[in-house]
Amino acid sequence: VDLSVSWLGVNMENPLYNASGVMCRSREELDAVAASAAGAVVTKSCTLSPREGNPEPRYARAPHGSINSMGLPNAGYEYYLDYAKNYDHASGKPLFVSVSGMTLEENLTMLKAFRDADLPCLVELNLSCPNLPGKAQIGYDFAASSHVLSEVVKVYDKPFGVKLPPYFDPVHFAEMASVLNSFPSLKYVTCINSVGNGLVIDIDSESVVIKPKAGLGGLGGDYVLPTALANVREFSRLLDGKHVIGCGGIKSGREAFMHILAGATAVQVGTCLYEEGAGCFARIRDELAAIMEEKGYRTLADFRGKLLTM
Ligand SMILES: CC(C)(C)CCc1c(C(=O)O)[nH]c(=O)[nH]c1=O
């Protein structure tokens with residue numbers, strides 16, 4: 001079977017890579033993903049200045065996944081710009097750089113720097129980045145999303161993508177798709193970011209399990225798979241000529257197959273990578289290949305987006 005993916009001018013030997021935020025904050029972590037069986041690498045969302053992030057514990061494993069309120073700990077955009085400048089782009093593993101400024105101005109400053117560096121890496125703009133105080137995250141504010149993207153494409157003239165939070169209402173899918181479709185240079189969306197502001201409780205300690213936000217945090221893992229699949233399928237259906245990258249609940253070849261069946265061009269692994277380590281990529285890759293073999297599919301295109309309805 002052939003697991004390769006060619007999209008946006010990059011070629012991947014297989015459709016699997018890390019979700020931004022997991023095993024991607026330091027060059028050592030990024031190199032570990034690049035050295036693994038992953039087909040690509042994405043950096044931790046960066047801000048203008050380095051950030052320590054929230055007090056720990058800020059990540060916790062939960063019975064059916066994970067919860068996190070990391071608070072954007074990262075080395076600052078120049079660190080990832082430097083990593084991208086030194087990255088072996090001939091390795092056949094594309095590098096994606098995730099950007100999540102605390103303000104629009106920060107995002108524009110970082111995007112201008114990445115534009116001027118003229119590197120082959122692709123930008124993934126995190127729309128879960130904060131909005132004005134008292135307002136929902138950018139991705140949940142359709143007017144703000146439109147404004148941010150209008151300003152972004154004025155300075156960043158290369159193809160780019162956005163990381164989307166999960167949506168749960170058909171009207172929201174349609175509204176956000178309408179915003180995204182008005183930007184031709186926006187070539188892909190990654191669905192989904194963590195399901196926001198969940199609360200995991202440990203009844204033995206009768207306590208929350210992470211320190212920030214009185215225990216509220218973004219959910220990942222099994223908890224979010226059906227939501228992730230719905231967002232991949234809806235945006236695959238509603239977006240014109242754009243790719244959808246699947247993220248959420250992938251822990252074996254089975255969920256990777258589901259995401260691609262729902263329309264995903266490639267897929268990102270978060271919680272499972274955090275818990276298992278970079279060996280998960282070879283395992284999931286081999287499991288996906290075995291499923292394809294069993295079903296008689298030779299390439300990902302043979303089944304991509306061909307989810308049956310009843
Ligand atoms: C939630 C933000 C801190 C605004 C962005 C960074 C981020 C974080 C994080 O750094 O806490 N965790 C996630 O699951 N998704 C994210 O996009």
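## Gly270 and its loop

In this predicted model, Gly270 has a relative accessibility of 13% and therefore counts as buried, the limit being under 20%. Gly270 sits in the loop that runs between β16 (266–269) and α8 (271–276). Not counting residues up to four places away in sequence, Gly270 touches Ala19 and Val22. Tyr140 is 130 residues from Gly270 in sequence, and the two C-alpha atoms are 22 Å apart in space.

## Gly221

Gly221 belongs to the loop between β14 (216–220) and α6 (225–238). With 11% relative accessibility, Gly221 also counts as buried. Leaving aside neighbours within four places in sequence, the contacts of Gly221 are His64, Gly65, Gly249 and Thr271. Pro63 lies 158 residues from Gly221 along the chain, with 9.6 Å between their C-alpha atoms.

## Helix α3 and the loops on either side

Ser100 is in the loop between β7 and α3. The relative accessible area of Ser100 is 2%, so this residue is buried.

Helix α3 covers residues 104–117, which is 14 residues. From the first C-alpha to the last, α3 reaches 20 Å, close to the 20 Å expected at 1.5 Å a residue. An α-helix has 3.6 residues a turn, so residues three or four places apart point the same way.

Asp118 follows α3 and is found in the loop between α3 and β8. Its phi is positive, about 50°, although Asp118 is not a glycine. At 58% relative accessibility, Asp118 counts as exposed.

## Packing of α4 on α5

The crossing of α4 with α5 is right-handed.

On the α4 side, the contact is made by Phe142, Ser145, Ser146 and Leu149. These meet His172, Glu175, Met176, Val179 and Leu180 in α5. By class, the contact of α4 with α5 has 5 nonpolar, 3 polar and 1 charged residues.

## Packing of α7 on α9

Helix α7 (residues 253–261) and helix α9 (residues 280–295) have axes that come within 8 Å and cross at roughly 65°. α7 and α9 are therefore roughly perpendicular to each other, a class that takes in angles of 65 to 115 degrees. Their crossing is right-handed. α7 contributes Gly253, Arg254, Ala256, Phe257 and Ile260 to the contact, and α9 contributes Ile284, Glu287, Leu288, Ile291 and Lys295. By class, the contact of α7 with α9 has 6 nonpolar, 1 polar and 3 charged residues.

His259 is also part of α7. Its relative accessibility is 0%, so His259 counts as buried. Leaving aside neighbours within four places in sequence, His259 is in contact with Leu225, Ala228, Leu229, Val232, Gly246, Cys247, Gly248, Ile250, Ala264 and Val267.

## Backbone geometry

Most residues other than glycine have a negative phi, and most peptide bonds are trans. Leu8 has a phi near 55°, a positive value in a residue other than glycine. Leu8 is placed in the loop between β1 (5–7) and β2 (10–12). At 27% relative accessibility, Leu8 counts as partly exposed.

The peptide bond from Glu56 to Pro57 is cis, and its omega is near 0°. Pro57 is in the loop between β4 (41–42) and β5 (59–62). Cys191 and Ile192 are also joined by a cis peptide bond, with omega about 5°. Ile192 lies in the loop between β10 (186–191) and β11 (195–199).

Terms used
Residues are numbered from 1 along each chain as its sequence is written. This is a predicted model: local features need pLDDT of at least 70, side-chain atom pairs count only at pLDDT 80 or more; totals for chains, interfaces and linings use all residues. Side-chain values use heavy atoms; hydrogens and water are left out. Helices (H or I, at least four residues) and strands (E, at least two) are DSSP runs, numbered from the N terminus. The expected span of a helix is 1.5 Å times one less than its number of residues. A crossing is left-handed if the near helix is turned anticlockwise from the far one by less than a right angle, and right-handed if clockwise. Contact means heavy atoms within 4.5 Å. Ala, Val, Leu, Ile, Met, Phe, Trp, Tyr, Cys and Pro count as nonpolar, Asp, Glu, Lys and Arg as charged, and the others, Gly among them, as polar. Axes are lines fitted to C-alpha atoms, for helices over the stretch in contact, and angles run from 0 to 180 degrees between N-to-C directions. Angles under 35 degrees count as roughly parallel, over 145 as roughly antiparallel, 65 to 115 as roughly perpendicular and the rest as oblique. Buried means under 20% relative accessible area, exposed over 50%, partly exposed in between (1.4 Å probe, protein chains only).
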